[in-house]
Amino acid sequence: ARITEIDRDGGGAEGRSLRFYGIESGWWYWCMHLSVIVPTLKVGSVWPAGVGVAESGNTGNSTGPHLHIECSQHAAHRDPRVNLYPFFREAFEAGRF
């Protein structure tokens, strides 16, 4: 995946967040309310599947710790539970990805 945007400040409603693009899949992902984003992660970075880049959190307008993730393909929003859970099951259950 290629990192396209990183918000480490987290001053907005989304809190700390990052966006990335699945190079092979053509899917866009937006992860919000993160507590920690790996400090060495930069916009334009390409990172392999299975390598953690952030931890879920409670930043921005959030009622409790969780991972808020949105995904889209060809400008159409998709259900992340259906599209991501099989690939990130262990990370989701542990509160990281």
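Predicted model: local features only at pLDDT ≥ 70, side-chain atom pairs only at ≥ 80, totals over all residues.
**Entry 1: an aromatic trio**

I began with the rings, and found that Phe20, Tyr29 and Trp47 form one aromatic cluster. For such pairs I used the rings of Phe, Tyr and Trp (its six-membered ring) with centres within 6.5 Å; planes under 30 degrees apart count as stacked, over 60 as edge-to-face and the rest as tilted. Residues are numbered from 1 along each chain as its sequence is written, and side-chain values use heavy atoms, with hydrogens and water left out.

How many aromatic pairs does a search of the whole structure find? It finds 3. In one of them, the ring centres of Phe20 and Tyr29 are 4.9 Å apart and the planes meet at 25°, so this pair is stacked. Phe20 also pairs with Trp47, here edge-to-face, with 5.4 Å from centre to centre and 65° between the planes. This second pair links distant parts of the chain, since Phe20 is in strand 2 and Trp47 sits in the loop between strand 3 and strand 4 (54-56), 27 residues apart.

Buried means under 20% relative accessible area, exposed over 50%, and partly exposed in between (1.4 Å probe, protein chains only). Phe20 and Tyr29 are both buried, and Trp47 is buried as well.

**Entry 2: the overall plan**

I stepped back to the whole protein chain, which has 1 helix and 6 strands. Helices (H or I, at least four residues) and strands (E, at least two) are DSSP runs, numbered from the N terminus. Along the sequence I read the pattern β-β-β-β-β-β-α. Of the 97 residues, 33% count as buried.

Next I checked contacts, meaning heavy atoms within 4.5 Å. Among contacts with a separation of 6 or more, 46% are between residues 24 or more positions apart.

**Entry 3: how the strands pair**

Two strands pair if DSSP finds at least two bridges between them. Strand 1 and strand 2 run antiparallel and are joined by 5 bridges. Here I found Ile6 standing opposite Leu18 in strand 2.

On to the next pair: strand 2 and strand 3 are also antiparallel, over 5 bridges. Tyr21 has Trp28 of strand 3 as its bridge partner. These two strands make a hairpin with 5 residues between them, and Gly26 in the turn has a positive phi of about 75°.

**Entry 4: the nonpolar core**

A nonpolar core is a set of buried Ala, Val, Leu, Ile, Met, Phe, Trp, Tyr and Cys residues joined through side-chain atoms within 4.5 Å. I noted that the largest one here has 14 residues, and that Leu18, Phe20 and Leu41 have the most contacts inside it. Strand 2, strand 3 (27-37) and strand 5 (68-73) each supply at least two residues of this core. Which strand gives the largest share? Strand 3 does, with 5 residues.

I followed up on Leu41. Beyond its neighbours within four places in sequence, Leu41 touches Ile3, Ile6, Arg8, Leu18, Trp47 and Val53.

Still in strand 2 (residues 16-21), I picked Ser17. Is Ser17 buried or exposed? Ser17 counts as buried because its relative accessibility is 4%. Setting aside neighbours within four places in sequence, its contacts include Glu5, Trp30 and Ile37.

A salt bridge is a side-chain nitrogen of Lys or Arg within 4 Å of a carboxyl oxygen of Asp or Glu. I counted 1 salt bridge by this rule. Arg19 and Glu5 form a salt bridge through their side chains, at 3.2 Å from N to O. Arg19 lies in strand 2 and Glu5 in strand 1 (residues 2-7), so the pair ties together parts that are 14 residues apart in sequence. Arg19 is partly exposed at 29% relative accessibility, and Glu5 is partly exposed at 37%.

**Entry 5: two positive phi values**

Last, I looked at a loop. His74 is in the loop between strand 5 and strand 6 (76-78), and has a positive phi of about 55° although it is not a glycine. Ala75 lies in the loop between strand 5 and strand 6 too, with a positive phi near 65°. His74 counts as exposed at 69% relative accessibility, and Ala75 is exposed at 80%.
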